Amino acid sequence: MSYTLKGRIESRLVSALPALIVAFAIHRWWAVYLVAIMLAVGAALDATVYDRLISYQPAWLAVPLGALELALLYGIMRAIPIHAPLDAALALFALAWLSAQLFAHAALPRLQLTYAEAGGELGRSGVLAAVLVPVLVFIGVGGAYATRAPTIHLHGVVRGPIVVDRAETLVGGTVRGGIVIRSSHVTLRHVTTVGGVNGIDVENATHVMLDHVRVLRAETDGIHVRNSGVMVEHCMVADPAGPWVQGIDISYSIGRPTSMVSGCTVAGVREGIVTHSAEVNVMDNHVLDTTLRGIVLGEMSMDMASGNDVESAQGVGILCLDHSMCQIDHNVVAGTKVDPSGDPARAGVAIEAQYYAQAAVGHNTVIASPGGTKQYSSSTITR
Amino acid sequence: MSRAGAAPSQTAERAAIVGSGLTALAAFATLRHGGLAHEEIVVFGTDADPTEQWSRQAAAIRQRQMRSESDGHLAPADFPGLALRAAWRRRSLRPLLETASRGYHPRVDDFLAHAAEVRARSGFDTSFRRRRIARIEAVDGGFVLDGDGPFAHVFLATGHPGRALPDELAGDPRVVHAYEPHDYASHVAIVGAGMAAAAEWQNALAAGSSVVSVRRREPVRQALNVPRPLFSRRGLAAYHRSPREQHAATLRRLSAPSFPPDERFDALIASAAAEGRFHVAAQLNGAEQVIAATGFRRGFRHDALLAGLVDRHELDVHDRWLVLAPDSTVPGLTDERRTLSVGGVAGQWAFPAADTIAGAKYAARRFLERVCRTR
């Protein structure tokens, strides 16, 4: 089709309506921001690139142009940043892209006979869309800005424990005694905790973001998550208060949004990252010097461990346990040590499946781990 | 500009279509889609089957595939196109993938079958009257067609005004026009360089003939009759704004013979040339048979109905073209209460690819807008 610039923009605005409606319907402000950025990026490309370079747009070109817009959108999301769940954000983009194709090739030519001849211009409907869609986006973005969670900057050392029971963002500072989160839509950024039963305790909450947190001297778990959905990025858990401390424990959260632990360093604890009955993506973490296991995906969990470095774990590097279904790939497991107990299941096993667990493994690198990859008690490992 | 004659008694029909070919069917289906009842439309023409003339010509040049693409059909809305219909019918994604990459060209059989569907679904036959209109008279609030009417809105779809034959070929017993049924002698000269000529080169070579392509200039290789932007406002806006002489120059340039790039076709011609069975020449030699793939006569003057209309109403013309408004209406005879629109090849001033299916629909859709505006 040979679009005019006006036609491109009007068609883009109209076909954004399904994504915009979904963004409002799911009550997630990131979704409204995302649609606003999609439209802004698209309109800018229309005006500066597409209109000048593409006099006729065959249908196949929608694929590379869509990929370009997705890449720009992702870059802007990271730069602002907008903390959107990646899978949901991709789904929203896919909806918008698919809507654009269906509108351009089916709905609009059907509803307006002269659509193609008019270069995508929509007449009065186009004018209406040109007003309505930006107004809706403005209302959405304005609403999101006006009702955004307050940001509290912590300075110096604060005596805790702090209980967070409303949506808010805590930035900076050091909290002695830990932080307890009991509300959804809470973000901790660049916060350090020292001590506490758990360094950070999240219960019954979703959309919790722990970004660049440091957890030191915790007494039970560094990060303790129950019945919640969290995103933990670039954290550090170290210097445990005793020999029984776990690093990050996400448990009993099946039915909550998928959690993610990414880019964290966990050192010197009993179990580095552990899940029970949860859906967690454990990616690109560095786990070292654990005294029981490096990473445990356990108890009917459906988890993925990918791109992690597990060093010098005692007994087991990565364990898929108890009816769990695990995808374990692209990890490096090095220097797993033989446990003195004499238990063969802890004889320096790099990757292990135990007790009716099913593990799909691939592209892992195992170094100096005498137990290699093993399965026990009716478990299966597929490569 | 209009000269009000005596208005005969008012008819029930509000719109009349003059002509009964593909353009007329497209216009009729568009009006029906827009909500007009059969009784409000009358179609005057000589062929009850709107595809008859076109399919006869296509059969003469053994055309199997359309030059147009998925939206080259006669239904009012472009969606669903012929590719989607073919995909559905054949339970195959291939037509859709081909249309996404511009490689889909409907088969002539599919196009004709769909045209028959459009004809049946729109009720074309119930509005058809077998009659050749020889005179259009503008009257107050409409037009009288050979004494019938007045009709408030008239759409002229008179088609090509006869086949073109160069003077030097007239009366030569060896000559057959490409659009007449014919076979191929062992040595054939084919005059012309457009779609029909290209089809005839292939046909003659397939029949075992040796071919001399007689042409004055090399054909333009382009996918459609005109560059794609000229099918939409992107290219049309500048075209409509251009001064008359430039406008006419564009039409002259676009009337150069052309056919689509096709590697298989090129390989066939190259192979025949290597075997000495295909030559290009600037003029005729002593071939046994001369096929005139020279298309149609050009200009409204060759159409008695249009010529009479122009002369009687002193309509604006430029060179061989009837000057039309961008919406394909005749400015001097169109106002708030009546419309005279021109579809098909005579409408090129408004839409350079007027003699294509897209052109037929362009004029028809704007005609519908005017008819609806005065309902």
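## Helix H11 of chain B

In this predicted model, helix H11 of chain B, which spans residues 304–313, has B:Leu305, B:Leu306 and B:Leu309 as its buried residues. Viewed down the axis of H11(B), these buried residues fall within an arc of 95 degrees, and they therefore line one face of the helix.

Just after H11(B) comes B:Glu314, whose phi is positive, at about 50 degrees.

## Chain B as a whole

Chain B contains twelve helices and 17 strands, and its C-alpha atoms, taken along the principal axes, fill a box of roughly 70 × 50 × 40 Å. A compact globule of 375 residues would have a radius of gyration near 21 Å, and because chain B has 21 Å, its value agrees with that expectation.

Of the 375 residues in chain B, 48% are buried. When contacts in chain B between residues at least 6 apart in sequence are considered, 72% of them join residues that are at least 24 apart.

## Two domains in chain B

Chain B is divided into domain 1, made up of 15–162 + 298–373, and domain 2, made up of 167–219 + 257–292. The C-alpha centres of domain 1 of chain B and domain 2 of chain B are 31 Å apart, and the contact between these domains takes six residues from domain 1 of chain B and eleven residues from domain 2 of chain B. On the side of domain 1 of chain B that touches domain 2 of chain B, the residues divide into two nonpolar, two polar and two charged.

## The contact between chains A and B

Where chain B touches chain A, the contact takes 17 residues from chain B and 20 residues from chain A. Three helices of chain B, helix H4 (94–100), helix H8 (233–241) and helix H12 (357–373), each supply at least two residues of the side of chain B that touches chain A, and the largest share of that side, three residues, comes from H8(B). By residue class, the side of chain B that touches chain A divides into seven nonpolar, four polar and six charged residues.

## A buried arginine in chain A

A:Arg293 lies in strand E21 of chain A, which covers residues 293–298. Because A:Arg293 has 27 C-beta neighbours inside 10 Å, this residue counts as buried.

Leaving aside residues up to four places away in sequence, A:Arg293 touches A:Glu271, A:Ala313, A:Gly315, A:Val316 and A:Leu319. One of these pairs, A:Arg293 and A:Leu319, is separated by 26 residues in sequence, while the C-alpha to C-alpha distance is 7.4 Å.

## Confidence of the prediction

The model scores ipTM 0.90 and pTM 0.76. Chain B averages a pLDDT of 93, and 97% of its residues score at least 70. Among the elements of chain B, helix H1 (residues 22–33) of chain B has the highest mean pLDDT, 98, whereas strand E6 (residues 148–151) of chain B has the lowest, 90. Over residues 1–10 of chain B the pLDDT is below 50, and this stretch has 21 contacts in the model beyond near neighbours in sequence.

How values were computed. Residues are numbered from 1 along each chain as its sequence is written. Chains are lettered from A and ligands numbered from 1 in the order in which they are written. This is a predicted model: local features need pLDDT of at least 70, side-chain atom pairs count only at pLDDT 80 or more; totals for chains, interfaces and linings use all residues. Two residues are in contact if their C-beta atoms, placed from the backbone, lie within 7 Å. Helices (H or I, at least four residues) and strands (E, at least two) are DSSP runs, numbered from the N terminus. Ala, Val, Leu, Ile, Met, Phe, Trp, Tyr, Cys and Pro count as nonpolar, Asp, Glu, Lys and Arg as charged, and the others, Gly among them, as polar. The radius of gyration is taken over C-alpha atoms; the globule rule is 2.2 Å times the number of residues to the power 0.38. A residue is buried if 20 or more other C-beta atoms lie within 10 Å of its own, exposed if 12 or fewer, and partly exposed in between; C-beta atoms are placed from the backbone. pLDDT is the predictor's confidence in each residue, from 0 to 100. The arc is that of the directions from the helix axis to the C-beta atoms. Domain bounds come from an automatic or database domain assignment.
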